[in-house]
Amino acid sequence: TNEEAVKASTEYFKGDVLAATVFVNKYALKDSEGNIYEKTPDDMHRRIASEIARVEAKYANPMSEEQLFDLIKNFTYIIPQGSPMTGIGNPFQIASLSNCFVIGNNGDSDSYGGIMKIDQEQVQLMKRRGGVGHDLSHIRPKGSPVKNSALTSTGLVPFMERFSNSTREVAQDGRRGALMLSVSINHPDAESFIDAKLEQGKVTGANVSVRIDDSFMNAVRNNELYTQKYPIFSQNPKFSKELNAADLWKKIVHNAWKSAEPGILFWDTIIKESLPDCYADLGYKTLSTNPCGEIPLCAYDSCRLLAINLFSYVVNPFTADAYFDFDLFKKHVAVAQRMMDDIIDLELEKIDTIIEKIDQDPEEAEVKRIERNLWIEIRKKADEGRRTGVGITAEGDMLAALNIRYGSIEGNTFSEKIHKTLALAAYRSSVEMAKERGAFAIYDAKRELNNPFALRIKDADPELYNDMQEYGRRNIALLTIAPTGSTSILSQTTSGIEPVFMPVYKRRRKVNPNDKDVRVDFIDEVGDSWEEYVVFHHKFKMWMEVNGIDSAKNYSQDEINVLIEKSPYYKATSNDVDYISKVEMQGAIQKWVDHSISVTINVPNDVTEELVGQLYMKAWEVGCKGVTVYRDGSRSGVLISNDKKE
Ligand code: UDP
């Protein structure tokens, strides 16, 4: 039962009920009657290792189930994320193993039929568990002439609501679907798109991002006019509109300041740096991103995610002798890349099962035509490009364990070194796999000669680059940094490249004052009694234990403040880290990540709109592909607060 699994898993996680509940609710194998077949993550890791070993056995030098199990058990080193974790070897769900999809029209059809087709595709993918993104720039702007009974078109905003509602309808065992809607700043409706979520209760089922090009950024800087067009960037547009770039920029910044959206995608940087875009004419033109922004994708491509737990490579954490084991890290990165490639084979099997299921009912063939074609297209791209999403979690805890302050110059330099090492090891692994298993089907060295990311690899490791030109590589694009939301709960670390949120916080637990052994710390306005207790971030607790500080004692707020001050987390939390420095860190890391980075720049409640604008500008200048700013308190219910009641 659910209860038994939570109990066993709580023991597994040494008392961490949150981790246990996330595991049981989101990832443990279960059937539609609610029977649970996995008591603890050990069972899940066994299932995953055995399936990956089955794929390994098809290729040269296979890894054994035992070797794979050792690398994924306890969330210590390599963590297949989300969809792979639930879906691999799962006979109860016909689901996909992809965390991310992008779908789209590739520029032409904005007929009702075309829009409904996207709506259907979105739901079909969400039903199989992935997050979906699509771009609305192909939809004709508000007021365009149409020949139907409306005479003029509605523009793209009403469709945002439709796609958002469709998203909210799809449940995914323990979570909801997630959607990204993007639009180009060049589209005449961009301004209404940016404003669409300002109205309370509107478009609540989608994240929204604007694709911003360099010419717009330059126009903002130089206070120039900017021309929006439909079709976007057309030489011969049906519609065009001139506006003051700085005014539109101000609006974007204002809304982001006010409500943390829209997110920004620096589109020219994304395209220029993208290896898949070297194959744009073969269908790999990047169109939008997945819901959290870390994977820019062409239409009908997908990506699966995996995170390497950086904390675990710190030997003697939190001591004066702490160091990072680069050799072990490089070895594991190579294996992680290989596991991701194996998972593509498992995904192709899953897609075949989905298609078989559709074909089982020939009488429904007409109704299921769109769904079937969708999976055929997705299968083709997955097979041809073999895209992977190898990433990390626990950057913040890793730095702290090495006694390096997050946000310091030393920290940024070290992080850049980590991600450069990771990129080179992953690319090396993909090239070695090309020798053993073959390069991705459309690899063509000539196409990539001027790609800045490939040239960076060449600069850093000429031998690797030469081998890549000779043998190709197994995967069209390899790396990412995802938010690792539930992943970091399971690994009990900080998430992605984020700093710790709060090293120590207080929680209140409602108590019956007549019970024995309770302490009443607080009585609220309706007379209920509450006991307050302190919760330590896991690795903060480890720092305490390493330094002989009692973590079971009930500390006062003053004592806690003193503790934090002594720790490597001091002035290095999401609320007090230097935000300019964080943007610089993101830019430095981005150079070594071929997809993108999901990260939130947290700023205090009282910062000005101007500062948010400066952060965005800085992000563009230092080479970030996207950025989200969250001003403390600007959105309710997003983050846990200091005195959250249970
Ligand atoms: N995602 C989703 N729905 C969710 C959470 C995540 O579709 O509720 C997808 C989405 O594409 C997101 C990606 O999974 O960008 C990765 O999210 P995260 O790293 O937080 O995944 P987790 O750690 O929970 O596996």
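User: Hi! What classes of residue are in the lining of the largest cavity?
Analyst: Hi there! By class, the lining of the largest cavity has three nonpolar, three polar and four charged residues. Keep in mind that this is a predicted model.

User: Which residues line the largest cavity?
Analyst: The lining is made up of Ile270, Ser274, Pro276, Asp277, Thr286, Pro296, Arg387, Asp594, His595 and Lys625.

User: And how much space lies in the largest cavity?
Analyst: About 70 Å³.

User: How many cavities of 30 Å³ or more does a search of the whole structure find?
Analyst: That search finds five of them.

User: How can empty space be found at all?
Analyst: A probe the size of a water molecule is rolled over the atoms, and this shows where empty space is left.

User: Which residues of α21 are buried?
Analyst: They are Ser581, Lys582, Val583, Met585, Gln586, Gly587, Ala588, Ile589 and Gln590.

User: How far apart are the end C-alpha atoms of α21?
Analyst: They are 16 Å apart.

User: You mentioned α22. Which of its residues are buried?
Analyst: In α22 the buried residues are Leu611, Val612, Gly613, Leu615, Tyr616, Met617, Ala619 and Trp620. They pack against α9 (214–221), α10 (245–259), β10 (263–266), α21, β21 and β22.

User: How does the span of α22 work out?
Analyst: At 1.5 Å a residue, its 13 residues should span 18 Å, and the end C-alpha atoms are 19 Å apart, which agrees.

User: What comes just after α22?
Analyst: Just after that helix, Gly623 takes a positive phi of about 90°.

User: Let's go to α14. Is Met398 buried or exposed?
Analyst: Met398, which lies in helix α14, counts as buried because its relative accessible area is 0%, and the cut-off for buried is under 20%.

User: Which residues is Met398 in contact with?
Analyst: Setting aside neighbours within four places in sequence, Met398 is in contact with Leu310, Phe311, Val314, Phe324, Phe414 and Ile418. The C-alpha atoms of Met398 and Phe414 are separated by 10 Å, and these residues are 16 residues apart along the chain.

User: Now a loop. Where does Gly89 lie?
Analyst: Gly89 lies in the loop between α5 (83–87) and β2 (100–102). With 29% relative accessibility, Gly89 counts as partly exposed.

User: What does Gly89 touch?
Analyst: Not counting residues up to four places away in sequence, Gly89 touches Arg47, Glu51 and Lys350.

User: Last one: what polar contact does the side chain of Arg456 make?
Analyst: The side chain of Arg456 makes a polar contact with the side chain of Glu273, at 2.8 Å. Arg456 lies in helix α16 (residues 452–460). Apart from neighbours within four places in sequence, Arg456 is in contact with Glu273, Lys591 and Trp592.

Methods:
Residues are numbered from 1 along each chain as its sequence is written. This is a predicted model: local features need pLDDT of at least 70, side-chain atom pairs count only at pLDDT 80 or more; totals for chains, interfaces and linings use all residues. Side-chain values use heavy atoms; hydrogens and water are left out. Helices (H or I, at least four residues) and strands (E, at least two) are DSSP runs, numbered from the N terminus. The expected span of a helix is 1.5 Å times one less than its number of residues. Buried means under 20% relative accessible area, exposed over 50%, partly exposed in between (1.4 Å probe, protein chains only). A polar contact is a pair of N or O atoms within 3.5 Å; within protein, one must be able to donate a hydrogen and the other to accept it, and residues adjacent in sequence count only if both atoms are side-chain atoms. Contact means heavy atoms within 4.5 Å. On a 1 Å grid over the protein atoms alone, a cavity is a set of points where a 1.4 Å probe fits but cannot get out, and a pocket is an open set with protein on both sides within 12 Å along at least five of seven lines; lining residues have an atom within 4 Å of a point. Grid points are joined across faces, edges and corners, and a volume is the space filled by probe spheres set on the points. Ala, Val, Leu, Ile, Met, Phe, Trp, Tyr, Cys and Pro count as nonpolar, Asp, Glu, Lys and Arg as charged, and the others, Gly among them, as polar.
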